[in-house]
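Please look through the sequence and the model shown below before reading on. The briefing that follows goes through the structure topic by topic.

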Amino acid sequence: MKIAVIGTGYVGLVSGTCFAEMGNHVSCIDISKTKIESLNQGTLTLYEPGLESIYSRNRNQGRLTFTNDLAQGIDAASVIFLALPTPQGADGEADLTAVLSVAEQLGSLIKSYKLIVNKSTVPVGTAQKVSNVLAKNLDSSLFEVVSNPEFLREGAAVQDFLKPERIVIGLSSEQAKSIMKELYEPFVRQGNPILFMDEISAELTKYAANAYLATKITFMNEIANISELVGANVDSIRKALGADSRIGKRFLFPGVGFGGSCFPKDVRALKHTAETVNYDFKVLNAVIDINEKQRLKVYDKLNTHFDGNLKNKRIGLWGLSFKPNTDDIREAPSLYTIDALLSAGANIIVYDPQSINNIKAIYGEKLDYGKDPYEALNQIDALAIMTEWSVFRTPEYSKMKSLMKSHIVVDGRTVLDPENMRKLGFIYYSIGRP
Ligand SMILES: NC(=O)c1ccc[n+]([C@@H]2O[C@H](COP(=O)([O-])OP(=O)(O)OC[C@H]3O[C@@H](n4cnc5c(N)ncnc54)[C@H](O)[C@@H]3O)[C@@H](O)[C@H]2O)c1
């Protein structure tokens, strides 16, 4: 098939590349000149494991192209994906400016039948809104709008896209159904379901999934917090809970709270949707409040250790991205920790395997940057672990001790072993573990 993907960020670039990998011809369109220039020169604009090789292969074989020109990009396509940003707007509402402005432009550009597929995370009723905007300039026989929320996880996005656990598609015509089936069947040869439903249910499914996962994380953070107060060990509790198949092992690790470009904004957007229909979604309110406190847990522990005096203390941070295997720092707990430490007068040196450039773009000279984990330990008063990259799991402890001024470690991701750390002579603070 000939496909256009509008928006070449984490979702658009991965989707476009993976559709090309299945033999489709894909034109990726973006408003950013620097992104398209870079992608046309063969340089990826984001880090995602496994993306480089399929991007190069499909680009070299001519199935994957990049353009800033919307008219040219959609010309040959029969299916147009919208993978546009839907950031948090006023009152927590999802901001649909990009989606609706592109729909407006498409309305004047489309000349033959095209299926418009919304891959962005959008509130209920958006498929209808996009339809209404298109219909201002376009005959209704020339388009249909389908809702196809994306469930890929950053850090495992290629694998998730190529072998999705399920595909959710909201639509209302047989023609749209047969196009979507043809497009997606190669991705579910093992039998994972393509779930067809109405557009509103598809839109709500995405928010339900993210809100549920955010709630699961938050619940474990609460168990960790109460474990600290009663002297329990959250590690033991986590393993016992995870062994219960009704609960499952995943998303049970406590830590410094959830971040990223999706969970925080999607939880707020769902709360906003509930408010518009006068529904008080109490669980979501609690999740938002608890997470705001949790993402400052590492800062709080440092502050308590230094008796409220962090001025001129040199703090090392290991990990900046909101989770491992991505360079994405949007809403990362590390940002809140850095801001709080800077306000308290601390000096900070940071290290992250992938996201240093993104952090530099925000903080510039305000921080020092380590080229490897150990450079970020030089003469520090304390180390804070903010992201569970594998490289931090088995560090060279003797090297750590020789470089750090004081041997204080606050582990915001429970990656190190408390007993071992104590034996090695560190003052070690964890989350939910004595
Ligand atoms: N990142 C994820 O893990 C993830 C997962 C599932 C769903 N989503 C959802 O997918 C959507 C996109 O997320 P993302 O993380 O890929 O965002 P992103 O910010 O990485 O990418 C969006 C891209 O759209 C481009 N863009 C903005 N306005 C444009 C316009 N008018 N015309 C053309 N291009 C334009 C931007 O330059 C950018 O490259 C959001 O709704 C998000 O909630 C994201």
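Is glutamate 21 buried, partly exposed or exposed? With a relative accessibility of 27%, glutamate 21 counts as partly exposed, where buried means under 20% relative accessible area, exposed means over 50% and partly exposed lies in between, computed with a 1.4 Å probe and the protein chains only. The model is a predicted one, in which local features need pLDDT of at least 70 and side-chain atom pairs count only at pLDDT 80 or more, while totals for chains, interfaces and linings use all residues. Residues are numbered from 1 along each chain as its sequence is written, and side-chain values use heavy atoms, with hydrogens and water left out.

**Salt bridges**

- The structure has 21 salt bridges, a salt bridge being a side-chain nitrogen of Lys or Arg within 4 Å of a carboxyl oxygen of Asp or Glu.
- Glutamate 21 is joined to arginine 57 by a salt bridge with an N to O distance of 2.7 Å, and this pair links distant parts of the chain, since glutamate 21 belongs to helix α1 and arginine 57, 36 residues apart from it, to helix α3 (residues 51-60). Helices (H or I, at least four residues) and strands (E, at least two) are DSSP runs, numbered from the N terminus.
- Arginine 57 has a relative accessible area of 36%, and is therefore partly exposed.
- A salt bridge also joins lysine 119 to glutamate 150, with the closest N and O atoms 2.7 Å apart; lysine 119 sits in the loop between β5 and α6, and glutamate 150 in the loop between β6 and α7 (157-162), 31 residues apart.
- Both partners of that pair, lysine 119 and glutamate 150, are buried.
- In the salt bridge between lysine 371 and glutamate 375, the closest N and O atoms are 4.0 Å apart; lysine 371 is exposed, at 70% relative accessible area, whereas glutamate 375 is partly exposed, at 32%.
- Asp235, Arg238, Asp411 and Arg433 form one network, joined by salt bridges that share partners.

**Nonpolar cores**

- The largest nonpolar core holds 40 residues, of which Phe19, Phe81 and Tyr184 touch the most other members; such a core is a set of buried Ala, Val, Leu, Ile, Met, Phe, Trp, Tyr and Cys residues joined through side-chain atoms within 4.5 Å.
- Helix α1 (residues 10-21) gives the most to this core, contributing six residues.
- Another core, of 34 residues, lies apart from the largest one, and its members include Ala224, Leu310, Leu367 and Val410.
- When residues up to four places away in sequence are not counted, phenylalanine 19 touches Ile3, Asn24, Val26, Phe81, Phe161, Leu183, Tyr184 and Phe187, contact meaning heavy atoms within 4.5 Å.

**Aromatic pairs**

- There are 14 aromatic pairs in the structure; rings of Phe, Tyr and Trp (its six-membered ring) pair if their centres lie within 6.5 Å, and planes under 30 degrees apart count as stacked, over 60 as edge-to-face and the rest as tilted.
- Phenylalanine 19 and phenylalanine 187 have ring centres 5.6 Å apart and planes at 90 degrees, so this pair is edge-to-face.
- Because phenylalanine 19 lies in helix α1 and phenylalanine 187 in the loop between α8 (174-184) and β8 (194-197), the pair ties together parts that are 168 residues apart in sequence.

**Loop residues**

- Leucine 138, in the loop between α6 and β6 (143-147), has a relative accessible area of 7% and is therefore buried.
- Leaving aside neighbours within four places in sequence, leucine 138 is in contact with Gly107, Ile110 and Phe143.
- Phenylalanine 251 is not a glycine, yet has a positive phi of about 65 degrees; this residue is placed in the loop between α10 (234-242) and α11 (263-276) and, at 31% relative accessibility, counts as partly exposed.
- Asparagine 325, likewise not a glycine, has a positive phi of about 65 degrees; asparagine 325 is found in the loop between β9 (314-318) and α14 (333-343) and is partly exposed, with a relative accessible area of 34%.
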